[in-house]
Protein chains: 4
Amino acid sequence: MGRTGIRTVCKVDFDTPASEQPYLHVIPFAGTIKDGETVKIECLDWTGGQIKNDDCADDVKNVDLTKVHYLSGPFEVEGAMPGDLLLVEIMDVQPFEDRPWGFTGIFDRRNGGGFLNEIYPSAAKAIWDFEGIYCTSRHIPHVKFAGLIHPGILGCAPSAEVLENWNRREGELIAANKLDRDVALPPQPLSVHAGSADKSLTEKVGREGARTIPGRPEHGGNCDIKNLSRGSKVYLPVHVPGAKFSVGDLHFSQGDGEISFCGAIEMAGVITVNCSVIPNGVANLGLKSPVYIPGPVEPQFGPGRYIYFEGFSVDEQGRQHYMDVTVAYRQTTLRCIEYLRRFGYSDYQIYLLLSCAPVQGHVAGIVDIPNACTTLGLPMDIFDFDISPSAAATAGGVRRRDMGRCAFETGRTEGEVRGDSGRNGQVSFGGGLSYRE
Amino acid sequence: MGRTGIRTVCKVDFDTPASEQPYLHVIPFAGTIKDGETVKIECLDWTGGQIKNDDCADDVKNVDLTKVHYLSGPFEVEGAMPGDLLLVEIMDVQPFEDRPWGFTGIFDRRNGGGFLNEIYPSAAKAIWDFEGIYCTSRHIPHVKFAGLIHPGILGCAPSAEVLENWNRREGELIAANKLDRDVALPPQPLSVHAGSADKSLTEKVGREGARTIPGRPEHGGNCDIKNLSRGSKVYLPVHVPGAKFSVGDLHFSQGDGEISFCGAIEMAGVITVNCSVIPNGVANLGLKSPVYIPGPVEPQFGPGRYIYFEGFSVDEQGRQHYMDVTVAYRQTTLRCIEYLRRFGYSDYQIYLLLSCAPVQGHVAGIVDIPNACTTLGLPMDIFDFDISPSAAATAGGVRRRDMGRCAFETGRTEGEVRGDSGRNGQVSFGGGLSYRE
Amino acid sequence: MGRTGIRTVCKVDFDTPASEQPYLHVIPFAGTIKDGETVKIECLDWTGGQIKNDDCADDVKNVDLTKVHYLSGPFEVEGAMPGDLLLVEIMDVQPFEDRPWGFTGIFDRRNGGGFLNEIYPSAAKAIWDFEGIYCTSRHIPHVKFAGLIHPGILGCAPSAEVLENWNRREGELIAANKLDRDVALPPQPLSVHAGSADKSLTEKVGREGARTIPGRPEHGGNCDIKNLSRGSKVYLPVHVPGAKFSVGDLHFSQGDGEISFCGAIEMAGVITVNCSVIPNGVANLGLKSPVYIPGPVEPQFGPGRYIYFEGFSVDEQGRQHYMDVTVAYRQTTLRCIEYLRRFGYSDYQIYLLLSCAPVQGHVAGIVDIPNACTTLGLPMDIFDFDISPSAAATAGGVRRRDMGRCAFETGRTEGEVRGDSGRNGQVSFGGGLSYRE
Amino acid sequence: MGRTGIRTVCKVDFDTPASEQPYLHVIPFAGTIKDGETVKIECLDWTGGQIKNDDCADDVKNVDLTKVHYLSGPFEVEGAMPGDLLLVEIMDVQPFEDRPWGFTGIFDRRNGGGFLNEIYPSAAKAIWDFEGIYCTSRHIPHVKFAGLIHPGILGCAPSAEVLENWNRREGELIAANKLDRDVALPPQPLSVHAGSADKSLTEKVGREGARTIPGRPEHGGNCDIKNLSRGSKVYLPVHVPGAKFSVGDLHFSQGDGEISFCGAIEMAGVITVNCSVIPNGVANLGLKSPVYIPGPVEPQFGPGRYIYFEGFSVDEQGRQHYMDVTVAYRQTTLRCIEYLRRFGYSDYQIYLLLSCAPVQGHVAGIVDIPNACTTLGLPMDIFDFDISPSAAATAGGVRRRDMGRCAFETGRTEGEVRGDSGRNGQVSFGGGLSYRE
C-alpha cells in the first residue's frame, strides 16, 4: 500500500480570530500524539495575523501585545509523565504554500521596544518574500539568504509548582524594579485566552497564567534559538501528565539575539515533528533545562566568508560597565550598523537585517575585568555586492547605493525617525500561557 | 636560489626572566616590520613561565599576577600612521617544537578568580600534551581535540588620548564600586616593566600605563576570541606613528568565554604574521573597534555533532535577573557541568575543559524580558566515548568511568575543594601595558 | 496586497497515463516562463509511475524502459536565443505532500542492469518514507538521512545540428561495439512520445530523437549530479530560440555514481526554479558544457564523520587494468559492500544504499600507472549504530543485527539471488527526447 | 619534568645523495616504533631533491625517474603480525622551517608525461612559497590557498606472495599492451636501491622489487589521496612481521587526480604519526584495501563557493566512449582550463594549478550509457579576484590580467609549447620498492 501523508493535528484558519480557533492553546488540550508519532502542526505567526504584507508600519506601531502567542497546542503525548523527557525531532518547518512571505518588525519604544530602542525608538517593518529556501525583501534590497527556519517557541506545560515558582521570582524582580521600563510582566487578566473554561478558571488563568514572552529554564519556551532548525532534536523536560507540548512563533530566519524583538522573519506555517518519550530522562540526564542537537542542513558559508565585529562592555556614552555581556553585545551590533551604513543602508534597515539574517553572536571573553567581549559574525554572501573590508577600506571609500527604505509609520520619514528622541521606553505587552476550554 | 625561511623579529629565552628579555614590551619598540612583510614572532606563555608541567597546582594558586603579559613587541610597522588600519594576517601559530605542552588553570578565588569562582573557589590545573594538531591531558582523560590555535592578545598601542580615556572611564567604575571584588584594575607601580626608561618615565608608566588584562574597544588587545586563528585577517586601528603592534598570550585552544580566566590552553610558541598598512582605513571603514575574518582551517564537527545547553538569566539561587546575558551564560556552563559530571568527571575537570575546548557560546535570545537566553555547544567528538543524550538518557543511566583527577594545590583533595566555601573573592592581578627602554 | 504564491507552469495527474498528459514533453512546448520569473514545475518520477510502494520487486524487474523520462516541459523562456546562457536557480525541490515516499531499484541484468550487474544480476527494491528532510526505509533498517534533493535531469533542447552530432557519434560507438551488452541506444520508433505531431513528424522523432538516458556535454541533461540541489545555480547553454528548458527525474537523494542505475531515491514532486537569460553567455564564458554552483544547505557531517574506502584499477578477478577509473570505482564500491555486510546487511541492501545515500565518490589519483585510485566516503551518521572501524575492528568482531530484507521479485530469496549467475547482460531501455504536439 | 618533544625516527640530510642516507628504504628496516608511539619522520621530496627553486624547468624535463621515491622507512612496528591492521594517525605534516617551498611540475611527454600530455607535452614548473598554512607562487599570480597537507605515499611492505601477485598481474598487462605508451612498469635493475644487501640480494631486488609508482589495493602505497591530511586515521593491512611501514612523497596540497603527475605541491618535510596495532584487524573488518577517516581541519570554503565543471565521456575529437570515467574526467579538467584561460592565465599555468589546488573531483553519474559524468569543483576563494560566472558572463567579458608565466625549459616560450605537437608519449620512469641493507 504505502503512505499517503502525515497526520495534521492542528489546522489554523486565517479567516477566524486566533482567540476563537479550536487548536490554539485550548484547555485541556488540542489533540493527542502517540509516542513515536510524526505529525504536522499548523501555526499562526506570533502576532496572530496582526501584521500585513504592505509598506506601512502602522500595524507594527499599534500592535496589540495582549493578543499574541496563540500557540498551537497543547498536545497530549501518550504515556508522558512528569520526570520523563519528551524528545522532539523537528523533521521540517515550512511556510504555507499560499502565504510565501513573512515580516520583521521594530516595535515602537512605547509599545514593545527592542534591544536598541534607546537609539532607534520608532516602529519599522520589512516584508520578506519566500522562494523555496531563499528570502528577499523589497525593503532591504541587495540581500538574499537561505532560511535557517525554526520555531521560536516550543516546550511542555509547567506544573503548578513550576508556575508558582515563575510567578514568585518574576514578581520579586518586578517589585524591586527601579528602572524606567518594565523588567518583567506579571500575569494579567486582559485578553485572557482560556477558551471553554468557566468564569472562575478563566479568572484564575488571568491571575496566575505565566506570560509566554520569556523563555524559561524549566521548559525552554520562547528560547528563540536560531539553530533549533530542520533536523534538530530537542530534549524537553516533562512537568505534567501527557507533557502538554506546545509550539509556535515560527521563524523563517533569525539572527543570534533576535535584537529588534519582533526580529526574526515571523511567519505562519507548518512544523512537522516526531515526538517520543524517554522515561525518567530528566533524572537519567540530570537536566534542569532543555538540551538540543542541531540538524545537519544549516546553511554553510565557510568560516572565511564572515566579517566578525567586536564589542566590549563600554557603552556608547563611553561609560565603563563591569563584565556586562549585554552591553558588550549591544556595542557589537552598533559596530555592525556603523559598518553597513556606509554602503547606503539606513540604520533601521540594518537593525532589521541583523535581527533576522543568520548572524552569529558569540560570547568571546567573559573573564578579563572589566570588559566582556562579544563578537557578531555577518555572512558576506547574503549580499549581492562585495562588503569585505579589503575592498571597502582601500577603494577610496565604498560606493553608496540607493537602498530604498524600509516601512515606517504613516507620515514618518527616515530623517524624522533618526531625529526622534522619544522618551518613555516602557515595554508593554501581554498575552499569556493561557488556555481555552 | 629560493627562499630559505621567514625572518624572526622576536626571540624569547626560557632561561632569562621575562622582565630582562630584549623583545618583550620594551621602549621604544622591539623591532621593525616592513609594510607587507611576513615575520615570525616568538612569545612566552602569558604568565611568563610561572606555571610548570607537573601535577600540583601550587604554582597556579600562588601565581604572581603583577608579572604577567610580557607581550612580544611592540613592533614598529613602517609607514603606519594614526587613522590607518593595520591588516594583520595570521599565517600560523605553533608551539615550540621542544615545548609541546600547555596548561589550563583555575585561579584561587583570592588570587585571580574566574567566571564560576563563587562555586569553584580553589586552584586547579590541567596539563595538555601536544602531538601535531591534537592535544590530550593526563588530568582530563578520554578527551582529545584539535587546537583552534590563536593569540589571546594582539593590538596596536593606544595614543596618549586613548590611554587617558581608558584611565578615566575605568577609574570611574572603580570609584563607584560597591561589590566585594575588584571590578577593574588601575595602573599600579608594582613590577613596572619599563626597561631602559629613566626613573621619571618608569614612574609615569607605573602611574598611567593601562593594564593589559581587559580587551578594549579602541584596539582589541586581550579580546580572547577563539576563532582568531590560523588564516584569520584582523583589521586593527592605528593610534600612534609606527602602529606599535604587540602580540602574545598564545592559546593552543580556548572555549567561548575562556571561563576559568586562565582558561585557554596557555602556551609559549611562535606566531607568523603578515602586516600591511591600509592608509586611512579607520575613516574609510568607519571602524571604532577591530573587525576580523576567520581563516579557513577551523576544526569542523558538523552541526549535528554538538550538544547544545541552554541557560537563562535565573541564577542558581532561583533569583530572576533582568536580561542579564552574563548570568545566563553562567547558567549555561553550569548545565553542561551537571551533564558531564554523570560520566565520572569532577566538576573541576569539566570547568577546566569548558574553558579550553572549542565550545560554542552563543547569544540566542536577548529581547524576551526578563530572560536572556544563551547556548553552549559542546562537540561530542572530542570524547572517546559516546556522550550523546540519546545514549545516556535511555541506558538506565550512563556508565561512570574512573576519570582520575586534575591537579590541585598541595594537600587538597577533590572532596575538600568541593566543600570549600572560601570567602573573599577579590580578584587581584597586575602587569601593565608598560615598556622597557 | 502581498504575494499569494508562485505560478505553477506544469501540473501532473497521477490518474492519467504519462503519455497523455499535457505538460510532459509536448511539441512545440508546454508553457512559457518570463525572463527572471520563478515558477513551480510538477514532475512525475522517472518511470512515470510504474514502480509501486509495496514489498515486491516485480515492477522493477518488468519495468518498461521504453516508457520512462516523461519530463516536464519543454518550457519556452522569453527572449532566450542560441548562444545565450540560461541561468536556472533551483529555489527548492519537494515531494508531493500526499506522496511522501520514493524508491530505489536494482534492475534485472537483462532489463536495464546497473554498475555491478555482473555480480548482482537480480531485481531488487527499497521503498523510502519521507518525513520532512529525512527518509527511512523498511527495507534497509537502522538508516536515516537528510535528502540532498535534486533533479536528475535538466537542460535545454538540442539544436538540429547538436542532435545530428549526438546521433553520429553514438551511432559510431554502437557500430563498433563488440561487447555482450548495449553500449548506447539509438533513436527508436517504439513508444514514441510526440503528442499532437502528425504522422510524419512522429516518425521523424522516432527516427532521430535522442534518448534522454545519458547526460551529454552540450546541454547537461541526465547528468545525475547529486549536489545540484536546493539553492544551486546552473548555467545552461541555449541551442534553440526560447531555450526549451526541460526538467524531471527528481531525486530525494543520490550517492555519487548512482550505481544501481535506478539508484537515487526516485520520486514525483515539485521543483521551484528561477530562470534568467544571460545574453551571449556561452561565448562570454567559453562554455562547452554546463557549470554550476552548489547551494548553501547541503547536509553536513564534518570530514571526520566519513569512512573512506579506496579502490584501484585491479578487478575482482585480480586482472590489472590500465588507468581505468571505472574499474577503480567499481572496486571501491565493492570494498564498501564487504565492509557493511559484516553488520548484517545483505549485499543487495548495501548496493541499494550506496546508490542513494549521500556517499562521496572522488577521483583520488589518476596518473600513477597502471592504477587509478578512487575513494568513496560513507557518512557514519546515517546509521543509528556505530559503524566506525575502531569499534568494529577491535571488539572481537561486530554484532550482526537482523536487518530484514529488501524487496525481491516474487518467489526469490536473498540466498537465491546471490547464487544467480544470470547470463545475458543486455541493457535495454527506451524513451526518447520526443515531443507531443 | 614534563615532555620535551617527540622522538624523531628518521632524519634526512640535504647534502647527502638520497641513495646513501641511512633511513631511506634500507634493508632490513630503518628503525623501530613502539605500539602506540607517536614519532616524527623526516622525508625528502619525492624526486630526492632533483627539482630546484628557480625559474627554469630543465630540471623537470630531465628528471631521472629511476631515482625517485626514496621513502622514509621501512619501520618495524613492535608486535605487528600479518593479518593485523596498523592504525596510523597523522598528527601533523609540516615543511622544514628552513625550506618553506615546494614545486609542481608538468613532465615532458617523453619523460613521465601526465594526464593531459597529448595536449600539453612540454615540461613546466611552478614554485610555491609557504607562509604558515598558506602558499603562493610567483609562477601563478593572484592565487593563495591553505594547504591540505598530506603524504602521497604510506603503506606496509608487501609479503612475498603479495609481491608475486603484483608482478604477475602487471606483467600480464605489459605483455598485452598494444598502446604507444607504457602501461605499467616492471621491476628493473637500474639504480637499484638495496643498500647493504649483498650482490645476489641486490640483483633479486632489481628483478622482483615492485615499483612504488602506483598505489595498489593490498597496501595503499602511492594512493595520492588529498584528504589523507592532518588528523586522518588510516587503517593499513599488515603483510609481514613488524609491518614495515614506509611513508614519503609529502604534498603541501593536491587536487583530486593530481593530474600533471608531478602535480601536487611536492615538498620535503616532517610527518608526525601515531602507530598502533589492531590484532586480527584485517579479518575482523574484512579489509582488502586500506580505509581511512579524514581529520577535522580541512580548509572549508562553503559549498556555494565552488564552481563545478561537468565532463562526459566524449573526447575532444568528438568521439563517443563507453562509460569511460577517465575520459570524462579529462574533459572536465579541460572545461576548467578553458574557463580560467579567459582571465589571462596560460593553459600550462592552469594545468599546474588544477593539479595542486584543492579541487574536488567527483564521480557524478556512472550508469547512464554511454556517458559517464564527472565533476570538478574549483574553489573561488583561492583567487584574489572574482572568477564567478555571474560576474564573468555578464560584464561584456572578463578583464584579462597580466599573469606572467610559469617556468619552461630553457629557450621555450609559452607560444612554442602550445604549438608543440611532440609525438611519442612514452611514459618512462623508475624507482622501485627496494631496500638497502
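Which residues touch the most other members of the largest nonpolar core? In this predicted model, they are Leu86(A), Leu86(B), Leu86(C) and Leu86(D). The core itself holds 549 residues. In soluble globular proteins, nonpolar side chains tend to be buried together. The surroundings of Leu86(D) show which residues take part in such contacts.

The relation between chains was examined next. Chain A is superposed on chain B by a rotation of 180°, with 0.0 Å of shift along the axis. The RMSD of this superposition is 0.0 Å. The two copies are thus related as by a two-fold rotation axis. Within chain A, the residue that comes closest to the rotation axis is His362(A), whose C-alpha lies at 2.3 Å. Of the interface residues of chain A, 100% are also interface residues in chain B, so the copies meet through the same surface.

Chain A is divided into two parts: domain 1 spans 8-293, and domain 2 spans 303-405. Their C-alpha centres lie 28 Å apart. Across the boundary, 26 residues of domain 1 of chain A are in contact with 24 residues of domain 2 of chain A. On the domain 1 side, the elements that give two or more residues are strand E6 (101-106), strand E7 (124-131) and strand E15 (261-266) of chain A. E15(A) gives the most, with three residues. By class, this side of domain 1 of chain A has 14 nonpolar, eight polar and four charged residues.

Helix H5 of chain D covers residues 325-341 and has 17 residues. From first C-alpha to last, H5(D) reaches 24 Å. That span is close to the 24 Å expected at 1.5 Å a residue. In H5(D), 15 of the 17 residues are buried, so the helix is largely enclosed by the rest of the structure. Helix H6 of chain B covers residues 347-356. Nine of its ten residues are buried, so H6(B) is likewise largely enclosed by the rest of the structure. The buried residues of H6(B) are Tyr348(B), Gln349(B), Ile350(B), Tyr351(B), Leu352(B), Leu353(B), Leu354(B), Ser355(B) and Cys356(B).

Definitions and conventions: Residues numbered from 1 in each chain as written. Chains lettered and ligands numbered in written order. Predicted model: local features only at pLDDT ≥ 70, side-chain atom pairs only at ≥ 80, totals over all residues. Least-squares fit on C-alpha atoms with pLDDT ≥ 70 in both. Contact = placed C-beta atoms within 7 Å. Core = buried A, V, L, I, M, F, W, Y, C linked by C-beta atoms within 7 Å. Buried ≥ 20, exposed ≤ 12 C-beta atoms within 10 Å, placed from the backbone. Domains from an automatic or database assignment. Helix = DSSP H or I, 4+ residues; strand = E, 2+ residues; numbered from the N terminus. Nonpolar A, V, L, I, M, F, W, Y, C, P; charged D, E, K, R; others polar. Expected span 1.5 Å × (residues − 1).
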